[in-house]
Amino acid sequence: MNDEKHVPAAALRRYATGDPRSRADQVWAVEAHLELCARCRERLGEAVTFHSPETAALVAQVQTRLATEVIRSPQMPTYRMPRRVSRWAPPGFWARLVMTLLVLGAAIGLDLAGSSGLPPSVVLLVAPVAPLLGVAAVWSAGLDPLHELVVASPRAGLFLVLRRTLAVLAAVIPALAVAGWMTGASPATWLLPCLAFTAGALALGELIGLRWAAAALAIMWTVGVITPSVLTARAPWVLEPTSLPYWAGLIGVIAVALALRRDAYKELRSDSWFVR
Amino acid sequence: MTSMDEEALVHRIARGDRAAFDELYRRTSPWLAVRLRRRCADDELVAEVMQETYLAIWRAAASFSGASVGGSAVGWVWTIAARRLVDALRRRAREGRLPLATLAAPDAPAAEDEALEALLGAELDSAVRLLSPDLRAVLQAMVLDGLTVRETAVLLGVPEGTVKTRARRARIALRRALS
């Protein structure tokens, strides 16, 4: 930028002192230019120092006050989840995902190490309930500090619940596939039970709250299937290929139940046991 | 530090760099103080607004999306300050302590003007000059300061409907002057 495009010193001085004689169109030109030109801002600083003691005093006064305030005020974190991810993921997603992966890792370890005492694959046994840890966080006032706002938003309800569930599944199912590939548990055997448990938790959650529903299903599965299979060292019949049609039928029934009571996720429940 | 531009300074402030914050304050505070004092005659209020603005910059520097989305750091600073000023005026009005009248630039003739026309452009220059002070104040708040109708109404202390009417009249007058 050449010199004649900068604000003349006299105009700058009049602007700095708030001289009422300066015309509006000039003030406009000066202000528009100052926003773009670092050099003229610098020159304005000098003009303030020399010609406008009130402004200079004000600047110094604010600087002293800021010096103590800035030390006390926390800054917002630089890193935030990419917006696209945070729009889909349920609150507290990462911690739960890591926990799920750790459980899967432990299951893989058991499968690979102790193949003598445990004929049924532990990964296969754990797979149906693996997404529940993430699903439990999908709709919960206890985990989501913004829950009341989310419930009040136009997109609240089953749509948002399903969207977040999809995000959970999109993270958990590939992990399960890798775990299954390492231990020889075919996706055909666990995918339908896995989906059935996810949908079942959502449907049951409409009645008793999602976190209770997920916990109840996981405990049921642990007590009813995982423990006997580990004790007897036999694969459970519910995970045999012959039972797959029943799983498919169950998913159908659950989907209907889910759709029938879909408004349950639009309500802001006041009973704390429900949403916790 | 002295060779960095304002965008780079804001990015360093986001990482908690006090020196960058002090440098940004040194570079922008006189400009911001003068600009705010031209809009609000109450120095106490201006100091309050400035303090809030720089605190907001310190806290929320990470939310500055940067020149990549077409925003300059200085423009960002002014946007924060203008909003804070309107908020402060609103607060004052609610408490019943009306601030002193804002400085209006009257139409007195001034000496050396010619050099300034290079900055604004001769046609726009004369078009702005033709506007009445009321219309000019509205246009300044909405175009130059980037405020909404509602914020302009608070800043100028007139009803929203009046702001809309004046903005419309200013637009028509400008169009006529520029065509």
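**View 1. The interface of chain B and chain A in the predicted model.** About 4900 Å² of area is buried between chain B and chain A, and carbon and sulfur atoms give 62% of this area. Chain B contributes 53 residues to the contact, and chain A contributes 54 residues. The rule finds 5 salt bridges across the interface of the two chains. Over all chains, the structure holds 25 salt bridges.

**View 2. Salt bridges between side chains of chain A and chain B.** Glu42(A) and Arg26(B) meet through their side chains in a salt bridge, with an N to O distance of 3.3 Å. This pair joins two chains, because Glu42(A) lies in helix H3 of chain A, whereas Arg26(B) lies in helix H2 (residues 18–37) of chain B. A salt bridge is also formed by the side chains of Glu6(B) and Arg41(A), at 3.0 Å from N to O.

**View 3. Packing of helix H4 of chain A with helix H3 of chain B.** Helix H4(A), residues 53–72, packs with helix H3(B), residues 43–60, at an angle of about 40 degrees, and the two axes are 10 Å apart. H4(A) is therefore oblique to H3(B). The two helices cross in a right-handed sense. From H4(A), the residues in contact are Leu58(A), Gln61(A), Val62(A), Arg65(A), Leu66(A), Glu69(A) and Val70(A). Their partners in H3(B) are Asp43(B), Val46(B), Ala47(B), Met50(B), Gln51(B), Tyr54(B), Leu55(B) and Trp58(B). Classified by residue type, this contact of H4(A) with H3(B) has 10 nonpolar, 2 polar and 3 charged residues.

**View 4. Packing of helix H1 with helix H3 within chain A.** The axes of H1(A), residues 9–17, and H3(A), residues 38–51, come within 9 Å and cross at roughly 60 degrees. This angle makes H1(A) oblique to H3(A). The crossing of H1(A) with H3(A) is right-handed. H1(A) makes the contact through Ala9(A), Leu12(A), Arg13(A), Tyr15(A), Ala16(A) and Thr17(A). H3(A) takes part through Cys40(A), Arg43(A), Leu44(A), Ala47(A), Val48(A) and His51(A). By class, 8 nonpolar, 2 polar and 2 charged residues are found in the contact of H1(A) with H3(A).

**View 5. Packing of helix H1 with helix H2 within chain A.** H1(A) packs with H2(A), residues 24–36, at an angle of about 95 degrees, with 11 Å between their axes. H1(A) and H2(A) are therefore roughly perpendicular to each other. Leu12(A), Arg14(A) and Tyr15(A) of H1(A) meet Gln26(A), Val27(A), Val30(A), Glu31(A) and Leu34(A) of H2(A). The contact of H1(A) with H2(A) has 5 nonpolar, 1 polar and 2 charged residues by class. Leu12(A) and Tyr15(A) of H1(A) take part in the contact with H2(A) and also in the contact with H3(A).

Definitions and conventions. Residues numbered from 1 in each chain as written. Chains lettered and ligands numbered in written order. Predicted model: local features only at pLDDT ≥ 70, side-chain atom pairs only at ≥ 80, totals over all residues. Heavy atoms only, no water. Axes fitted to C-alpha atoms, helices over the stretch in contact; angles between N-to-C directions. Helix = DSSP H or I, 4+ residues; strand = E, 2+ residues; numbered from the N terminus. Parallel < 35°, antiparallel > 145°, perpendicular 65-115°, else oblique. Left-handed = near helix turned anticlockwise from the far one by under 90°. Contact = heavy atoms within 4.5 Å. Nonpolar A, V, L, I, M, F, W, Y, C, P; charged D, E, K, R; others polar. Buried area = accessible area lost by both parts, 1.4 Å probe. Salt bridge = Lys/Arg side-chain N within 4 Å of Asp/Glu carboxyl O.
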